[in-house]
Each structure stands twice: as C-alpha cells, then as structure tokens.
Amino acid sequence: MCRMTKLIAKQFLFVFSLSQSTAETSASVPNPLLSLPILLSFSSNTNGYTSILSPWSSITGRGGIREVQLEQHRGIRPNKSKKQKKVLSRPKETLSYQSAIQALRTYHSIHGNLVIPRRYTIPDGAADYPIETHNKDLASAVYNMNWWQQNVRSHADRVAELNQIGFIWERLQPEWNLVVEALITYNNLFGNLLVPSSFVVPCSSNNTDDTIEWPRGTWGIPLGRCVRSIRSRQDFVQGKPDRLAQLIAMGFVWDVSEYQFRKCFRAIEYYTRNVAPLGGRKKTLRIPNTFVVPSGEGWPEELWNYPLGAKCCAIRQKGLFVKDAPERKAALEEIGFQWSGNASLGWLEVVHAAAIYSQIHGRQLNVPQTFVVPSPSNYSSRISPLSVFGGGSINETWPWPEKLWGLKLGQRLKDIRLKGRYLKGKSANARRMQLDALGFVWKPERGPRLITQTSQMLSGN
C-alpha cells in the first residue's frame, strides 16, 4: 500500500475514532466534527506533509494564514526555508484543563463571553489568571482539536462545565470552514464579497440585521484581512482547486480594480443607451458631475445610487481605473467617453454655434439673449427653403448640426460677457481671440437689431 493510501486511512481512523469515543462517553458530549456545517478537510502538499488549518492560531501579524504541519511522511525531508523552519519549530500553546478552565472563567467574568480574540495573550503578572497561563495565547490553547481530544473528549462533566460558561464549540473546526461561513453570511447581508480590509465579524449582539445572524464560530474573525491575504498571497487556496471553486461559486472578487471598472463601464454604457443616446440629439457623451444613478427607472439594481457623475470626473482628472490601462481607455472611448470634461465640451459647442451664427450674420456675433439654436422644423414657413438652399433638401443643407439643436447660445454668450464663463485658466486668452475673430460684441448697444430675412430664418428669429 502506498504512503498516500496509508496516510488517508490513518486520517479516516482518526476522525472515526474521535466521533466513536465521543458517542460512547455520553450522549451529552458534543462532537465538534458532527456539528460542523462543512466537513473537516485534510490535504497533502507537495513537500509530503499532511496539514490542517489550525483554528485561528494561524493568523499572523499582517493577517496572513499559516498552516500548522501535523504529520510528516517517513523518510522524506522537505526543503524548508529559514522562515518555514522558524514557523514549524514554534512551540505549541498547551494548558492543563484546570488552568484553562480557570482562565476561561476569569475571561468570562471580565468580558461576559468566550469570544476570545485571535492571538489574545494573557498579560504577564495578571493576578486573576493562573501563573501557567501568563504570556500564553489563550484562544490558540483552548480552541483547537488537540486540546479537546486530550482534555475534554472523554469527560462529560467537563463538557457540561464548558457549556455553562459559553464555550464556542464551533471554533474547533478548521479555519477555512469558518472563513467560508463568514463569507457566505457577509454576502447574504451586503450582496457582495467586497469586504473592507478593516472589517471584523461582529458578535451577534452587535449585528444590525435581525434577520441574519453571524455564526458563533465566526465571531471576531478579521474577515477583511483574510480576504486581502487570499487575493494577494493566495492564502488558504494555493494548490487547492476545490477551494478556488468554492470562492468562484460565491462570487469572490479577485481583482477589485477590475470589478469597480466594469461596474462603472456598465453604468456609462447604460447611460449612453437609455438616458442620452448618442444616436439622437446628443452626439457627445456628457454626464453631469452630480449625476447619481436613480433607484428604478429601468436601471439594473446593482447600479442603484451609484455616483456615476463623480466617477466620470475622477476618471478624467485623476485617472481613476484607467491609469496604466490603455485597454480600459480604449473601451471607454469606444462608447463615446470624452476626456476633455464637460466644461471643455461646453466651450466647443458654444464656439461652433457662434461661428455658424457669425457667418450667417456677416461676421458679426451679436446674439440676442433669448436665441436658441433651431432645428429645420423651426424655420419660418413664410420663406421658401428653395430660395435659400438652392433647391436642396432642407434637412441636408440646414447649417445647424443636429448636436447643436436646442443650445441656448444667447444665454451662454451673455454668461461669457457678464461672468467670464469659459474664460478662466490657461485657455482664456486663446478663447478671447477666437471670439474676437468671429466679431463678438462685448458691449452690445441697446435697441432693435437689423437682421436680414434669410438670416432671420436660419437663426430661428
């Protein structure tokens, strides 16, 4: 029989004997293996170790997860780096039952529960705790299968004693199982797995949602750090395709930047198709900076209340999502995204309309305040279009482009005179020169203006 077969058989006998011995002891003794929502899983890595994730004793300084090596194949000496040797040689936290139960009672009397933080170390010289427990990681010492097997498994009275002070049996299961439980609960509560790095699973009493409670075994898990380490270092999942499949099935977000860009892209795409279609009056995509996706009105639910205007502004000004990502820039440009911003787009529209008006009125740009760029349907019926357009179709020869129809040119030019609109910044002098070249009247005289019949029709006056 090969080493792997013997190893699997040995692990199976361990689990079977654990459950059998518990059942024989007393019906009141809880079997942690039977109460787990996800079965205890063993695996073998390429170095020949059989490893299991130790409950919460493996969360290190930056939130990383460390596998505790339990058994080594005979005759195989894996290559271990200095860092690995240091981890493997670290002494395990061990406590006698009497010291542990006294420390647990003390902790319970102080905190009101046994939701012991991960890596919680009893201070040296703490008078209320037994001397044996000083400088010991209490959570790692009591919430692990070795301690349960050695001190609790065959003692129904100890099980009852632990139940009395609220011992959390669920924390005896592998850490991966608890992380999965926490991720599922988070997804049910918030609708996604974009867990903030600082997020820690709250206790049930701190839960703001009465309909969904966090499983007791997950209380206090630094879920945000776990998610970050899964993304950055492949903790928990490296070399474990079954776990990768679990995360993918839950909708785990591996690349937050890509996820956020795709969400913004979907919102812009929907805006161009349904709010301001590019094939209609507006040829350029202009999203107000204050625009927020409304709830309903045909918008996909996952986009409701999305600050699309602010995101577009950040993309233009700060390179949000598109910095060092030319493929994203190209995708945005393909759906009509403009990099110059709404202010620059507004000036281009004004100067374009002003140039047409100036040409119609003999190189003079003295526009009434009420003037709005007309469409062909607004032309005066008293004048035959054939006399002006040389017999061509009015839609084909109309001088005002479709994208300018409805532009309040008179009001825009008034704002330029009185408020200096569009005339701030580095481009101010160049824009003044453009207006001067078109015959812009900076100080128009009061009174009626002389307008030819043709210009009256073409300007909509």
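The model is predicted. This briefing covers that helix pair, then Val351 of helix α14, and finally the buried and exposed residues of helix α18.

**Packing of α11 and α12**
- The crossing of α11 past α12 is left-handed.
- On the α11 side, the contact is formed by Cys264, Ala267, Ile268 and Tyr271, while α12 contributes Leu308, Lys311, Cys312 and Ile315.
- Sorted by class, this contact comprises 7 nonpolar residues and 1 charged residue, with no polar ones.

- Val351 belongs to helix α14, which covers residues 341-360.
- Val351 counts as buried because its relative accessibility is 14%, the cut-off being under 20%.
- Leaving aside residues up to four places away in sequence, Val351 touches Gln434 and Leu438.
- The C-alpha atoms of Val351 and Leu438 are separated by 9.1 Å in space, although the two residues are 87 apart in sequence.

**Two sides of α18**
- Within helix α18 (residues 428-437), the buried residues include Ala428, Arg431 and Leu435.
- These three lie on the same side of α18, because they cover an arc of only 65° around the axis.
- Asn429, Met433 and Ala437 are exposed, and they sit on the face of α18 turned away from its buried side.

Notes: Residues are numbered from 1 along each chain as its sequence is written. This is a predicted model: local features need pLDDT of at least 70, side-chain atom pairs count only at pLDDT 80 or more; totals for chains, interfaces and linings use all residues. Side-chain values use heavy atoms; hydrogens and water are left out. A crossing is left-handed if the near helix is turned anticlockwise from the far one by less than a right angle, and right-handed if clockwise. Helices (H or I, at least four residues) and strands (E, at least two) are DSSP runs, numbered from the N terminus. Contact means heavy atoms within 4.5 Å. Ala, Val, Leu, Ile, Met, Phe, Trp, Tyr, Cys and Pro count as nonpolar, Asp, Glu, Lys and Arg as charged, and the others, Gly among them, as polar. Buried means under 20% relative accessible area, exposed over 50%, partly exposed in between (1.4 Å probe, protein chains only). The arc is that of the directions from the helix axis to the C-beta atoms.
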